[in-house]
Amino acid sequence: QVQLVESGGGLVQAGGSLRLSCAASGRTFSRYAMGWFRQAPGKEREFVAAITGSGSSTYYEDSVKGRFTISRDNAKNTVYLRMDSLKPDDTAVYYCAAVYEPPTYLLHELGYDYWGQGTQVTVSS
């Protein structure tokens with residue numbers, strides 16, 4: 001089993017940047033594909049980005065493509081989400097998630113087994 005803890009959220013002006021981190025427990029972090037999701041009040045939880053265990057492949061939701069970058073450091077058991085050119089519509093609670101390889105579907109929350117508690121990102125205009 002994996003425990004995930006997100007950090008790095010906060011308040012930022014539109015156009016600014018934040019880097020979220022997700023620290024994972026365990027010794028087999030590289031065997032887990034990782035994803036980032038977000039949920040704003042009154043909205044469904046939505047996929048943001050995902051990365052395979054080795055980091056060789058990444059996936060992004062269309063609205064964040066070119067602005068957000070997902071990466072991982074398997075030696076540190078950590079996955080990151082760098083968010084640039086932030087918009088007010090990016091305001092949400094951001095969650096990281098993990099699924100043991102082989103992953104099935106990384107672009108939906110049902111494809112993941114483990115979840116962090118979330119970190120709030122607020123983008124002001």
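Q: How do E4 and E9 pair, and over how many bridges?
A: They pair in the antiparallel sense, over 8 bridges. Strands here are DSSP runs (E, at least two residues) and helices likewise (H or I, at least four), numbered from the N terminus. Two strands count as paired if DSSP finds at least two bridges between them.

Q: Before we go on, what kind of model is this?
A: This is a predicted model, where local features need pLDDT of at least 70 and side-chain atom pairs count only at pLDDT 80 or more, while totals for chains, interfaces and linings use all residues. Residues are numbered from 1 along each chain as its sequence is written, and side-chain values use heavy atoms, with hydrogens and water left out.

Q: OK, back to E9. Which residue in it stands opposite Met 34?
A: Ala 98. E9 also pairs antiparallel with E11 (residues 119-124) over 3 bridges, where Val 93 has Gln 120 as its bridge partner. E10 runs antiparallel to E9 too, joined by 2 bridges, and Trp 115 in E10 stands opposite Ala 97.

Q: Is E9 mostly covered or mostly open?
A: Mostly covered, as 7 of its 9 residues are buried. Buried means under 20% relative accessible area, exposed means over 50%, and partly exposed is in between, using a 1.4 Å probe and protein chains only.

Q: Switching to rings. How many aromatic pairs are there?
A: The count is 6. Phe 37 and Tyr 112 make one of them, edge-to-face with 5.2 Å between centres and 80° between planes. Phe 37 belongs to E4, while Tyr 112 is in the loop between E9 (92-100) and E10 (114-115), so this pair links parts of the chain 75 residues apart. The rule takes rings of Phe, Tyr and Trp (its six-membered ring) with centres within 6.5 Å; planes under 30 degrees apart are stacked, over 60 edge-to-face, and the rest tilted.

Q: Why does Tyr 112 count as buried?
A: Because its relative accessible area is 5%. Trp 115 is at 27%, so it goes down as partly exposed.

Q: Which residues form one aromatic cluster?
A: Phe 37, Phe 47, Tyr 112 and Trp 115.

Q: And charges over rings: what does Arg 45 lie over?
A: The face of Tyr 95, at 4.0 Å from the ring centre. Arg 72 has its charged end over the ring of Phe 29, 4.3 Å from the centre. The test is NZ of Lys or CZ of Arg within 6 Å of the ring centre and within 35 degrees of the ring normal.

Q: What's the strand order in the open sheet of 4 strands?
A: E1-E3-E8-E7, with antiparallel pairing. E1 (4-7) and E7 (68-73) stand at the edges; each has a single partner strand, so one side of each has no neighbour in the sheet. The twist averages 15° from one strand to the next, with axes as lines fitted to C-alpha atoms (for helices, over the stretch in contact) and angles running from 0 to 180 degrees between N-to-C directions.

Q: How many bridges join E3 to E8?
A: There are 6, and the strands run antiparallel. Cys 22 has Val 79 as its bridge partner in E8, and Ser 21 has Tyr 80.

Q: How many residues lie between E7 and E8 in their hairpin?
A: There are 4, and Asn 77 in the turn has a positive phi of about 55°.

Q: Last topic: which residues touch the most other members of the largest nonpolar core?
A: Met 34, Trp 36, Leu 81, Met 83 and Tyr 94, out of 29 residues. E3, E4, E5 (46-51), E7, E8, E9 and E11 each supply at least two residues of that core. A nonpolar core is a set of buried Ala, Val, Leu, Ile, Met, Phe, Trp, Tyr and Cys residues joined through side-chain atoms within 4.5 Å.
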